[in-house]
Amino acid sequence: MKFDLHVHSRYSRDSNSDLDAILTVARARGLDGLAICDHDTVDGGLACARRARELGTGITVIPGIEVSSSKGHILVLGIEEDIEPLLSPEETIRQARILGGTVIIPHPFKSSSHGIGSFEGLDIDAAEVFNSRCLFNGANKKALLEAERLGIPPVAGSDSHIPEMVGQAYTEIDALENTVDAVLQAIREGKVSPAGKKSPTPIILRQTAGSVKRKIKTKIFGIA
């Protein structure tokens, strides 16, 4: 099965991706599912999971969150409660485990996206070794080498902040069935393989420009 494990929706302050648009693109790209990982909130993932069921899309939506730890971002999949931001990576992961979450380190060596750097010694289930938003492939290659060195399962995600980027990168998952529990179990068991391609540079730049504008508007005017 094909899952994009790193998608942002309009519930992220730097994204305006409509839930219906995300699901439409996911279906068109042949995805079996995706994980919504908005910044420091699970609200988008929960809303998208409900919407997918309402529309009868056949797309399995894993609710998740991209937590801003004190040293960088951490993805937690399969939870329904927020985790306090700016805790240490170790405490963030401890809270994730209490909530039953599956933990993935995204874009670890991409400093412009708050990558955490080396994930050696952290209690994680997988590492994102291919992120479609990387303009240059050095960060992805470094993440893959680190995952291989540590024996950490490798996954991929689009890190989409606009609908047309959904599914550019995805993870092939060998799960027994297309359910949230089965997919998360397969990730934890390492039955995964990264796949996909880098998003076209003009799309990455357009998304980045839009994200910056939204952040400025939110900071100055208090609106998204």
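Colleague: Which residues does L122 touch, not counting residues up to four places away in sequence?
Modeller: This is a predicted model, in which local features need pLDDT of at least 70 and side-chain atom pairs count only at pLDDT 80 or more, while totals for chains, interfaces and linings use all residues. Residues are numbered from 1 along each chain as its sequence is written, and side-chain values use heavy atoms, with hydrogens and water left out. Contact means heavy atoms within 4.5 Å. With residues up to four places away set aside, L122 touches P89, E90, I93, I105 and I116.

Colleague: Which residues have the most contacts inside the largest nonpolar core?
Modeller: A nonpolar core is a set of buried Ala, Val, Leu, Ile, Met, Phe, Trp, Tyr and Cys residues joined through side-chain atoms within 4.5 Å. Buried means under 20% relative accessible area, exposed over 50%, and partly exposed in between, with a 1.4 Å probe and protein chains only. The largest core has 20 residues, and those with the most contacts inside it are I74, V76, I105, F119, L122 and I124.

Colleague: Which elements give two or more residues to this core?
Modeller: Helices (H or I, at least four residues) and strands (E, at least two) are DSSP runs, numbered from the N terminus. In soluble globular proteins, nonpolar side chains tend to be buried together. The elements that give two or more residues here are β3 (60–68), β4 (73–77), α3 (89–98), β5 (102–105), β6 (126–131) and α4 (138–150).

Colleague: Is β4 enclosed or open, and which of its residues point the opposite way from H73, L75 and L77?
Modeller: Five of the five residues of β4 are buried, so the strand is largely enclosed by the rest of the structure. In a regular strand the side chains alternate between the two faces of the sheet. H73, L75 and L77 point one way from β4, and pointing the other way are I74 and V76.

Colleague: In β5, what is the bridge partner of L77?
Modeller: β4 and β5 run antiparallel and are joined by three bridges. In β5, the partner of L77 is T102.

Colleague: How far apart in space are L5 and I62, C-alpha to C-alpha?
Modeller: L5 lies in strand β1 and is buried, with a relative accessible area of 2%. Leaving aside neighbours within four places in sequence, its contacts include A35, C37, I62, L75 and I187. L5 and I62 are 57 residues apart in sequence, and C-alpha to C-alpha they are apart in space by 8.3 Å.

Colleague: What is the bridge partner of F3 in β2?
Modeller: Seven of the seven residues of β2 are buried, so this strand is largely enclosed by the rest of the structure. Three bridges join β1 (residues 2–7) to β2, and the two run parallel. The partner of F3 in β2 is G33.

Colleague: What span does helix α2 reach from its first C-alpha to its last?
Modeller: The expected span of a helix is 1.5 Å times one less than its number of residues. Helix α2 (residues 43–55) has 13 residues, and 18 Å is expected. Its buried residues are G44, G45, A47, C48, A49 and A52, and what covers them includes α1 (19–28), β2 (33–39) and β3. From first C-alpha to last, α2 reaches 18 Å.

Colleague: Is H107 buried or exposed?
Modeller: H107 lies in the loop between β5 and β6, and its phi is near 30°, a positive value in a residue other than glycine. At 3% relative accessibility, H107 counts as buried.

Colleague: Is L86 buried or exposed?
Modeller: L86 has a positive phi of about 70° although it is not a glycine. Its place is in the loop between β4 and α3. At 65% relative accessibility, L86 counts as exposed.

Colleague: Which residues does E80 touch, not counting residues up to four places away in sequence?
Modeller: E80 lies in the loop between β4 and α3 and counts as exposed at 61% relative accessibility. Not counting residues up to four places away, E80 touches V42 and L46.

Conventions:
Pairing = 2+ DSSP bridges.
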